[in-house]
Amino acid sequence: MIRKYTFGTPLPTDAVVLSLPAETGPVPFFTLSRDGDRVVLTRPLQPEDCLFGLGESVRGINKRGFLYRSWNNDIFNHTESTDSLYSSHTFLIFFGPDTLFGVFLDDPGTVTWDLGYTRSDTAVITSENGQLDLYILEEDSLTELARSFRRLTGRSYLPPRWAFGYIQSRWGYASEAEVRTVAAEHRKRGIPLDAVCLDIDYMEDFKNFTWRKDAFPDLTRFSADMKQDHIRLVPIIDAGIKREKGYAPYDSGKAGGYFCKKEDGSDFSAAVWPGDCCFPDFFREDARRWFGDLYQPLLASGVEGFWNDMNEPSLFYTEDCVAAAFRRVEELRSGNVDYEAMWGLKDVFNGIANNPEDYRSFYHEVNGTPVRHDRVHNLYGAFMTRATADAFRRFDPDRRFLLFSRASFIGAHRNGGIWQGDNFSWWSHLKMALQMLPNLNLCGFLYSGCDLGGFGCNVTEDLLARFLQLGVFTPLMRNHSALHTREQEIYRFSTWESMRDTLRVRYALLPFLYSEFMKAALSGGMYFRPLAFDYPSDPRAVRTEDQIMLGEGCMIAPVLEQNAVGRYVYLPEDMLMVRFRSPEDYDLVPLPKGDHRIDCSLREFPLFLKKGHPLLLCPGGESTETLDDHTFTALCLTDRAVTYDLYRDNGFDPDPVLAEHLTPVSVPAPAAGTSPVPGVAISALVL
Ligand code: GLC
């Protein structure tokens, strides 16, 4: 059951697909109060209550115990104390022995979530604008709550099948020759690869929709050559358009009046990578269409995927903000400068980027009326994604394209995936990436993943290996790193062969993982889930923070610590451990419910299978297009014959019907005395 309550006159956000009448009675589960414009929802928390949701946010799977703020934030250097990240996903489930409901604030402005922070026994959710649709969801189980939220907000984005392959990326690939070398180094060593991302270096002076003719002379030929080798190019597009007369996207944007305006009607501008930029008003349909059409030449040159970046939007500085900072310097020059003044000055300069004043200084046009940006801030990236996805649908309605964005809001999950923003090569960020995944899925973002290896600072070999072992299971599997950091391609490291074998496991599992993903996406389910969803009455499972469920019958438990050669794993039921070294070399160990110490040297990683749920391994390949997905080895802990419905399609159909693509795969019961591992069926299948 979904109930809707409306406060004020909310603006259209495109977050929901169900149109429900607003209720007039009191909001259940919360005490409602007003504080000026603010709408405040207060709810006592029982000691055993857990909170799931908020998608992209720091800390644990259970969000209880911290203060989060929904405000899309370009925050390169984020840590455990950072209250907002690049995206805002304002859906939360309250779950406890006597508690089960979900709350969604369809509110694109600032929302704070004091989840047992000020008082450990109280949750306080505050909408700063107080103009919102509030939805309360009630179902009988966590799983049904997640489904109900998807019914409300619509089907998750479906990427093309090739987007499940390994993607190599780095800020700094400066020429076609360099990208070709990177690709060749992978192919030479048998390291699977499906795509290479082009970062801002492919552009002329970092200007969107241009490319450097000296370094990338013929994009159509380059893209065609790479595709011959089953490798796609995935260019980046940023939100800002450089303010420069004679640069076609600026001229056409200016002529159409498509940029965000200041109060005096002039175009708002701020510096990002190309320098002074104007910002498309993605809230206007005509501006979305104009911006989307700018992708067409790149699409026509053979590009089938993009990543949209800097779309919080990130503002490095505005002239006004810099001028104010220099005024402060002048003031100090003539006075007595003590340490407080100096530190204050440092704060002034640190506060120049993404300054709240700047976000209050420009406007969008919504149905002909100006709306101040900060009131709808969290929609900006989502509406950029919408502009791009709509353009893809216009360009070729019969294909799926790859699209992932940095900033997002609920609703964007129908148009693209997301990556988890600029993480660091830190062990703590490996754990955070794992913990974010189930909550992203709950909010609809199934196609997601982190920058494997870490974006900022220098990776170490062991950390990269462990990141890749998590990445084997994330739908978006991309190794990405920042300019001037240590080179992070697998082949740079002495243990590249074992990392290659990790990637080969991904490709051997790819038809199975793709099947699990598509089944989840097409049925409104979750690809990754907290253990609580499968074992709601097992308190140990409910509180597990470093293991997550995958698909119908799997659980992953990656090694997350430096120098660890194993870890403790909690099994909520009897399971089969598959400990991989390569697709051909793995251990099968049936384990009883309970706690286990699992050895995992740096080249080993485990996957756990529920009883009766088979795992399918194909012979693999160096790209998703050259995979043999007809020949499988099925592994299953079972004492009887079982059937698995394998989802297969052409990999690009935009609107597949689930039932039409399921092939029932029969796994016979283990024949007595023949299986090398008692109780485990190992079957060769040809489909
Ligand atoms: C931003 C992106 C990062 C990209 C960089 C340069 O920091 O998050 O992925 O490499 O910009 O474009």
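The model is a predicted one, in which local features need pLDDT of at least 70 and side-chain atom pairs count only at pLDDT 80 or more, while totals for chains, interfaces and linings use all residues. Residues are numbered from 1 along each chain as its sequence is written, and side-chain values use heavy atoms, with hydrogens and water left out.

**Stop 1: the ligand**

Asp 199 places a polar side-chain atom 2.5 Å from an oxygen atom of the ligand. For Asp 422, a polar side-chain atom also lies 2.5 Å from a ligand oxygen atom. For Asp 309, the distance from a polar side-chain atom to an oxygen atom of the ligand is 3.1 Å. The protein buries 97% of the 300 Å² that the ligand exposes when taken alone (accessible areas come from the Shrake-Rupley method with a 1.4 Å probe; for residues, only the protein chains shown count as cover).

**Stop 2: strand 10**

Select residues 132-137, which form strand 10. Strands (E, at least two residues) are DSSP runs, numbered from the N terminus. Six of its six residues are buried, so strand 10 is largely enclosed by the rest of the structure; buried means under 20% relative accessible area (1.4 Å probe, protein chains only). One side carries Leu 132, Leu 134 and Ile 136, and the other Asp 133, Tyr 135 and Leu 137.

Strand 1 (residues 2-7) runs antiparallel to strand 10 and is joined to it by six bridges; look for Thr 6 opposite Asp 133. Strand 7 (residues 99-106) is also antiparallel to strand 10, with five bridges, and Leu 105 stands opposite Leu 134.

**Stop 3**

Select the nine strands in the order 23-22-21-18-13-12-11-25-24, an open sheet with parallel pairing (two strands pair if DSSP finds at least two bridges between them). Strand 23 (448-449) and strand 24 (451-452) are the edges, each pairing on one side only.

Finish at strand 21 (residues 402-405) and strand 22 (residues 417-419), a parallel pair with two bridges. Phe 404 of this pair stands opposite Gly 417 in strand 22.

How values were computed:
Polar contact = N/O pair within 3.5 Å; in protein donor to acceptor, adjacent residues only side chain to side chain. Buried < 20%, exposed > 50% of the residue type's maximum accessible area, 1.4 Å probe, protein only. Helix = DSSP H or I, 4+ residues; strand = E, 2+ residues; numbered from the N terminus.
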